[in-house]
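Reader: I'd like to learn how to read strand pairing and charge in a model. Could you walk me through an example?

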Amino acid sequence: MTTTTYAVAGMTCGHCTAAVTEELSKLPGVQNVSIDLNAGGTSAVQVTSESALDETAVREAVDEAGYELTGATA
């Protein structure tokens, strides 16, 4: 298992976190998504997966939800 924390900008509410969680959960191997919401700022999105995720796929999933991936840390 791998856990990576991503910085996501633009989320402001529970609906935002639900949208990001839903899109990231669709990625192959994702087991859990946990979000520390910083309304109007950069939120920490922790993703636990079977193996490391392709950052491009994560960026596309976050973009599909309507938000911006601004960084990642293992």
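Predicted model: local features only at pLDDT ≥ 70, side-chain atom pairs only at ≥ 80, totals over all residues.

Reader: Which residue in strand 3 is the bridge partner of A9?

Author: That partner is T42. The bridge belongs to the antiparallel pairing of strand 1 (residues 2-9) with strand 3, which runs over 8 bridges.

Reader: Which other strand pairs with strand 1, and over how many bridges?

Author: Strand 4 (residues 68-73) does, again in the antiparallel sense, over 5 bridges. As an example, T5 has T73 in strand 4 as its bridge partner.

Reader: And how many bridges join strand 2 to strand 3?

Author: Strand 2 (residues 30-36) and strand 3 (residues 42-49) run antiparallel and are joined by 6 bridges. Within this pairing, look for N32, which stands opposite T48 in strand 3. The hairpin of these two strands has 5 residues between the strands, and G40 takes a positive phi near 80° there.

Reader: Let's turn to charge. How many salt bridges does the structure hold?

Author: The general idea is that side chains of opposite charge can pair when their charged atoms come close. Here there are 2 salt bridges. One joins the side chains of E23 and K26, at 3.4 Å from N to O. The other links E55 with R59, whose closest N and O atoms are 3.2 Å apart.

Reader: Where do E55 and R59 lie?

Author: Both are in helix 2, 4 residues apart, which is about one turn of the helix.

Reader: Are E23 and K26 buried or exposed?

Author: The cut-offs decide: buried means under 20% relative accessible area, and exposed means over 50%. E23 is buried because its relative accessible area is 17%, whereas K26 counts as exposed because its value is 54%.

Reader: Which residues gather in a patch of negative charge on the surface?

Author: They are D54, E60, D63, E64 and E68. Helix 2 (residues 55-65) supplies the largest share of the patch, 3 residues. E60 has its place in that helix, and E60 counts as exposed because its relative accessibility is 53%.

Technical notes:
Residues numbered from 1 in each chain as written. Heavy atoms only, no water. Patch = residues over 30% accessible without salt bridge, like charges linked within 9 Å, V, L, I, M, F, W, Y side chains within 5 Å. Areas by Shrake-Rupley, 256 points an atom, 1.4 Å probe, with all protein chains shown as cover. Salt bridge = Lys/Arg side-chain N within 4 Å of Asp/Glu carboxyl O. Lys, Arg positive; Asp, Glu negative; His and termini not counted. Charge placed at Lys NZ, Arg CZ, Asp CG, Glu CD. Buried < 20%, exposed > 50% of the residue type's maximum accessible area, 1.4 Å probe, protein only. Pairing = 2+ DSSP bridges.
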